[in-house]
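I opened my notebook to look through this structure one piece at a time. Here is what I wrote down.

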Amino acid sequence: MTKGMTNGLRHLQPLPGDADTGVGLAARLRPRFAQPIILVDPDDPVIGGPACLVPVCTRLAVIFGKCSAHHQRWIDDGRPDDIETWAAAAPANRRWLQQPAKCTIDGCRRSRREHRLCHSHAHRWHQQNRPDLAAWIAAGGGPPLPARAGCRFPDCGLEAEGEAGLCVHHRNRWVRADRPPMQSWLLGCATFGQDRFDLRPLPTPMRHEIAYAIQCRVDERRTITRPHSIRRLLRAMPGAGVTSLLDRSPEAWTAFLGFSTERGHIERRFLLDAIGYLRDVVEGVGWEAEFPRDVWLLRRIGFPGRDAQLRFTGIAPVWLRELTKRWARWRLSTGIAVATVAADVRAITLFAASFPALRRGPEAFTRQMVEVHLAHLVDRFPNAKSRTGQLTSLAGLLRAARQHRWQPRLSPDVDVFAEDYPRLPAAAPRALPETVMAQLERPDNLARFADPHGRLLARILMNTGLRVGDGAKLRLDCIVRDGQGAPYLRYTNHKMRREAFVPIDTAMAEAITAQQQAMIDEYDDPAVLLPRRTRNPEGKVAFSTATFRGQLREWLRVCDIRDEHARPVRVTPHQWRHTFGTRLINNEVPQETVRRLLDHTSHAMTAHYARLSDATIRQQWEQARKVNIAGEQLPADTGPLAEAIWMKNNLARAKMALPNGYCTLPLQQKCEFANACLTCPVFVTTADFLPQHRGQLEQTQALIARADSNGQHRLAEMNRTVEKNLLAIIDGLTTGCCGGGKSCACTTAGAPDAG
């Protein structure tokens with residue numbers, strides 16, 4: 001498990017008393033979440049959010065940019081169209097906390113009752129036969145009343161009257177509320193009008209359990225959980241007749257609350273998450289707690305996914321089940337993808353189900369069983385590639401068991417040999433026909449891709465040949481440039497576990513740059529270029545490939561993409577990778593260049609596209625002495641971009657041949673110096689072209705002389721620039737030449753003073 005995974009599980013390590021969740025969770029709750037009412041920080045990316053449109057309101061915007069109270073006020077005001085003007089004039093929702101009216105007698109701090117007087121002063125005024133009220137008030141209303149303690153209501157400036165310790169005004173409100181517990185009522189009053197999770201009606205320990213679930217979601221920073229989204233759930237749970245979420249199964253809770261896939265989805269997901277957090281606390285997390293179980297919840301060992309599991313229950317032989325679990329743990333720990341390990345476990349499960357005799361022990365595992373299994377696979381998996389995957393998993397388990405000596409009782413004769421694997425037929429070409437690609441690349445069709453993130457990802461895959469998983473996980477700072485300003489896409493090749501670069505054209509770079517700026521504007525500190533839309537308040541979780549595949553299917557349907565036979569087309573993202581490689585081969589790009597562009601480890605992978613080879617071009621390019629139009633020698637390309645620069649230049653050579661040098665212009669960028677490469681700032685040449693340069697110099701000088709004699713001064717001036725550059729190039733290629741090497745300027749050019 002990686003360090004980051006371990007740190008993410010520390011808050012779930014068992015504490016004393018965790019068997020009783022009420023005791024254990026109380027110790028886990030931070031002070032902010034240990035209160036009966038959890039106040040919401042608007043800046044919190046999980047439970048907070050944008051503020052109400054009304055400037056004087058501090059509540060969260062939950063309905064069309066307004067809090068629920070101001071949205072209702074807007075409806076009551078006739079739904080005015082100019083909502084900004086209406087919002088600027090709307091008052092705050094603070095009536096509940098307004099200061100109650102006090103007695104009009106100067107110095108009296110009691111609640112006003114009748115005749116603008118408190119109860120005591122009104123009684124005194126009646127006893128004095130009701131003199132002129134204004135004069136009586138002005139005279140001070142008699143001797144001062146005895147001082148009393150202040151009202152317990154928050155920020156109330158009046159005196160308390162009665163045993164409740166409240167002023168008359170607030171005591172009446174408390175009585176109308178059916179005299180709830182005083183501290184709880186005061187807390188509710190103090191937080192009235194604020195966004196909050198009110199957990200007071202919940203029994204203990206259920207209150208601690210819900211608070212802990214909210215705290216966990218805040219810590220995970222994945223799923224937005226605002227008070228209004230689970231308010232109905234919190235109101236319904238006290239009527240369940242239980243005191244803990246674990247007193248009922250998830251299915252029983254779902255039935256009691258009436259949840260379904262169409263109704264109560266947000267509340268149901270929160271409830272299931274809360275139960276999951278509690279079970280993690282009670283049952284424990286980490287490898288020590290999870291390894292003995294026959295069903296692994298991957299989130300407990302640091303892998304993403306709410307409900308992702310590895311199930312070993314189908315492997316009946318206990319020794320084989322334990323061996324498979326050990327192998328799976330080792331594979332996960334070495335960085336093998338969860339999906340690959342899950343496929344391995346399924347393959348071993350299928351094998352174990354075919355041979356009940358394996359329950360007798362490792363000694364019962366024979367080579368004959370492997371041979372019988374081969375026959376079963378032929379019947380069950382007609383596709384040879386599928387059978388190969390099944391055999392690879394079984395062979396991997398046997399190889400690891402011997403290598404690490406996990407099961408010494410296993411016979412050394414039991415193995416899967418190379419001859420056991422089926423012969424794989426030559427795979428059919430997977431590149432898309434150009435008639436289909438022409439439709440997919442049309443700007444009007446691309447504009448119909450509903451999600452801008454999916455649209456940009458589709459363009460990236462079509463233009464670079466990246467795997468869909470690598471493209472979806474691009475970091476925000478994925479563009480780098482070389483010394484000539486040419487853009488490259490930096491990505492992580494997750495299959496090969498390394499960083500790679502691929503040259504891109506300027507249009508692609510501009511689209512990515514626009515997306516980068518959009519992410520910076522939307523998130524405080526985004527980490528990825530294409531973040532997922534949900535459960536990602538900070539923009540640090542990458543776009544889901546499953547989501548993209550669904551969007552791709554819908555896009556093909558909307559655009560009605562059809563093949564040359566007018567049949568609807570089914571396109572997978574990986575076909576764009578094959579199309580990209582096939583197009584390069586068809587354009588006579590050397591196979592070595594294609595291999596580097598696709599970041600293949602071996603030529604065999606690239607040979608699927610063509611049977612070409614060009615292993616020396618890179619070496620020739622690096623050894624050549626390169627100068628620009630000013631005759632200045634260019635430094636050798638080194639560093640992490642060296643191979644990517646070479647691929648871009650080699651690709652340019654294959655697409656644009658010049659008689660006297662190479663063009664290092666970024667791919668597909670328009671040239672402002674057409675047919676005038678000697679005046680182009682991105683032109684590069686080597687000593688290989690000295691004869692051409694000298695021949696062109698002679699022709700240019702003759703042309704200048706002829707233009708001068710004919711009075712064509714404009715033509716002569718234009719060619720003097722070419723003459724100047726040619727002289728600088730020839731001087732740069734010949735100055736300091738040793739004359740002895742194979743690539744020596746003198747030898748290559750055939751200069752008279754060579755040697």
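**Getting an overview.** I started by counting, and the protein has 31 helices and nine strands. I reminded myself that this is a predicted model. I then checked burial: 46% of the 755 residues count as buried. I also looked up the surface, and the protein exposes about 38,900 Å², with carbon and sulfur atoms supplying 52% of that. For contacts with a separation of 6 or more, I found that 57% come from residues 24 or more positions apart.

**Looking inside.** Which residues touch the most other members of the largest nonpolar core? I got Leu440, Leu489, Ile512, Phe548, Trp555 and Trp576, out of 46 residues in that core. Helix 20 (residues 452–464) gives the most to this core, namely six residues. I picked Leu440 and listed its contacts, leaving out residues up to four places away in sequence: they include Met462, Trp555, Val571 and Trp576. I also came across a second, separate core of 37 residues, with Trp287, Phe291, Ile301 and Leu320 among them.

Next I went to helix 11 (residues 250–257), where Pro250, Trp253, Thr254 and Leu257 are buried. Why do they sit on the same side of helix 11? Because they cover an arc of only 100 degrees around the axis. On the other side of helix 11, I found Glu251 and Ala255 exposed. I checked what covers the buried residues of helix 11, and the cover includes helix 9 (206–220), helix 10 (231–236) and helix 12 (265–283).

Methods:
Residues numbered from 1 in each chain as written. Predicted model: local features only at pLDDT ≥ 70, side-chain atom pairs only at ≥ 80, totals over all residues. Heavy atoms only, no water. Core = buried A, V, L, I, M, F, W, Y, C linked by side-chain atoms within 4.5 Å. Buried < 20%, exposed > 50% of the residue type's maximum accessible area, 1.4 Å probe, protein only. Helix = DSSP H or I, 4+ residues; strand = E, 2+ residues; numbered from the N terminus. Contact = heavy atoms within 4.5 Å. Arc of directions from axis to C-beta. Areas by Shrake-Rupley, 256 points an atom, 1.4 Å probe, with all protein chains shown as cover.
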